[in-house]
Amino acid sequence: MQKPELDQQQVRQIVQAVLRSEADAIAALAEAIPEDCAQATDLIYRCEGRVIVTGMGKMSAIARKTASTFCSIGTPAVFLHPGEALHGDLGIVTSNDVLLALSNSGETRDIVSLVPFMKRHHVPVVSITGSSTNSLAQVSDCNLPTGVVAEADSITGAPTNSTTATLALCDALAIALVHLRGFTVEQFAVFHPGGHLGRQLLLRVSDLMAHNDDIPRVPETASLREAIVVISQKTLGAGFVVDNGGRLLGIVTDGDLRRILEQNHNPLDQPVGDLMTRQPKTLTADQLAVEALNRMNA
């Protein structure tokens with residue numbers, strides 16, 4: 001059976017409507033921050049164990065992402081599937097933990113069933129639900145209602161606005177913890193050593209720079225002709241002019257060579273000390289490589 005031709009304008013209108021609906025859900029939440037927000041953040045902030053994040057169905061994806069976000073900012077967290085928890089996985093929970101339960105309806109049986117166990121073991125329960133009148137909200141130590149009353153799609157009611165608002169609120173809690181703990185970009189990089197961000201944040205000038213005999217050093221008394229030989233041998237595109245003690249006096253780059261040859265008829269026998277660029281911009285070995293790149297681009 002041949003599928004009907006796609007109405008591109010209709011698709012654009014649907015996509016735009018969904019994005020606006022989800023954006024409105026976050027905007028409304030931002031204008032009506034839940035009263036227990038500070039208390040919830042404080043419970044997580046003072047947690048000496050782990051944040052146990054749980055959710056069912058689509059909320060399980062939000063819970064997994066939230067646990068991952070907390071871990072990346074130095075807050076130990078783990079996702080716990082509520083169904084599996086009721087069949088043995090509750091052994092992962094300790095009295096030092098905090099439960100963060102995500103359920104838009106607040107009536108998800110498996111999640112509500114976890115609360116008595118948590119209460120028995122003195123584990124604080126923070127819940128994020130659509131409203132504050134449901135079963136989960138009523139038995140939580142603090143509840144953060146998103147205020148979402150309708151999803152972006154009125155036909156299916158598929159979780160859209162509710163999951164987006166919950167995710168945004170969890171992200172906000174995570175960033176609040178970053179500020180409370182004085183978490184630094186260097187600490188963040190420690191938890192991301194394998195990714196692009198980690199490499200960008202952790203790589204330092206000392207990891208990239210040339211060392212020892214690989215450095216194209218040129219005495220200030222050497223001729224430009226001799227300097228060119230050294231620059232060509234070391235293949236770094238520059239020569240570093242030094243005094244007898246090895247102290248940097250200036251630099252001659254490939255670009256400098258072109259300009260010197262354009263402006264002088266017979267410069268090859270002149271001392272390189274007379275032609276070099278003095279007081280070149282420098283970096284220390286412990287500076288981040290990204291700082292070096294920014295300096296070079298500037």
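Biologist: Is R247 buried or exposed?

Modeller: Quick caveat before I answer: this is a predicted model, where local features need pLDDT of at least 70, side-chain atom pairs count only at pLDDT 80 or more, and totals for chains, interfaces and linings use all residues. Residues are numbered from 1 along each chain as its sequence is written, and side-chain values use heavy atoms, with hydrogens and water left out. Buried means under 20% relative accessible area, exposed over 50%, and partly exposed in between (1.4 Å probe, protein chains only). R247 has a relative accessible area of 54%, so it is exposed.

Biologist: Which residue forms a salt bridge with R247?

Modeller: For a salt bridge we want a side-chain nitrogen of Lys or Arg within 4 Å of a carboxyl oxygen of Asp or Glu. The closest N and O atoms here are 3.3 Å apart, and the partner of R247 is D243.

Biologist: How many salt bridges does a search of the whole structure find?

Modeller: Side chains of opposite charge can pair when their charged atoms come close. One of the pairs here is D269 with R225, at 3.2 Å from N to O. The search of the whole structure gives a total of seven.

Biologist: How many residues apart in sequence are the parts that K119 and D141 tie together?

Modeller: These two form a salt bridge, with the closest N and O atoms 3.4 Å apart. K119 sits in helix α6 (residues 114-120) and D141 in the loop between α7 (135-139) and β5 (142-145), so the parts they tie together are 22 residues apart in sequence. Helices (H or I, at least four residues) and strands (E, at least two) are DSSP runs, numbered from the N terminus. K119 is partly exposed at 37% relative accessibility, and for D141 the value is 36%.

Biologist: Over to K234 in helix α12. Which residue's backbone oxygen lies 2.5 Å from a polar atom of its side chain?

Modeller: K234 counts as partly exposed, because its relative accessibility is 28%. Contact means heavy atoms within 4.5 Å, and beyond its neighbours within four places in sequence K234 is in contact with D213, D214, I215 and P216. The backbone oxygen at 2.5 Å from the K234 side chain belongs to D213.

Biologist: What separates the C-alpha atoms of K234 and N244?

Modeller: Along the chain, K234 and N244 are 10 residues apart. Between their C-alpha atoms the separation is 20 Å.

Biologist: Why does N161 count as buried?

Modeller: N161 is in helix α8 (residues 161-181). Leaving aside its neighbours within four places in sequence, it is in contact with S21, E22, A25, V148, A150, E151 and A152. A polar atom of its side chain also lies 3.4 Å from the backbone nitrogen of E22. N161 counts as buried because its relative accessibility is 4%.

Biologist: How far does helix α3 reach from its first C-alpha to its last?

Modeller: Helix α3 (residues 58-72) has 15 residues.

Biologist: Which residue takes a positive phi just after α3?

Modeller: The phi in question is about 80°. The residue that takes it, just after α3, is G74.

Conventions:
Polar contact = N/O pair within 3.5 Å; in protein donor to acceptor, adjacent residues only side chain to side chain. Expected span 1.5 Å × (residues − 1).
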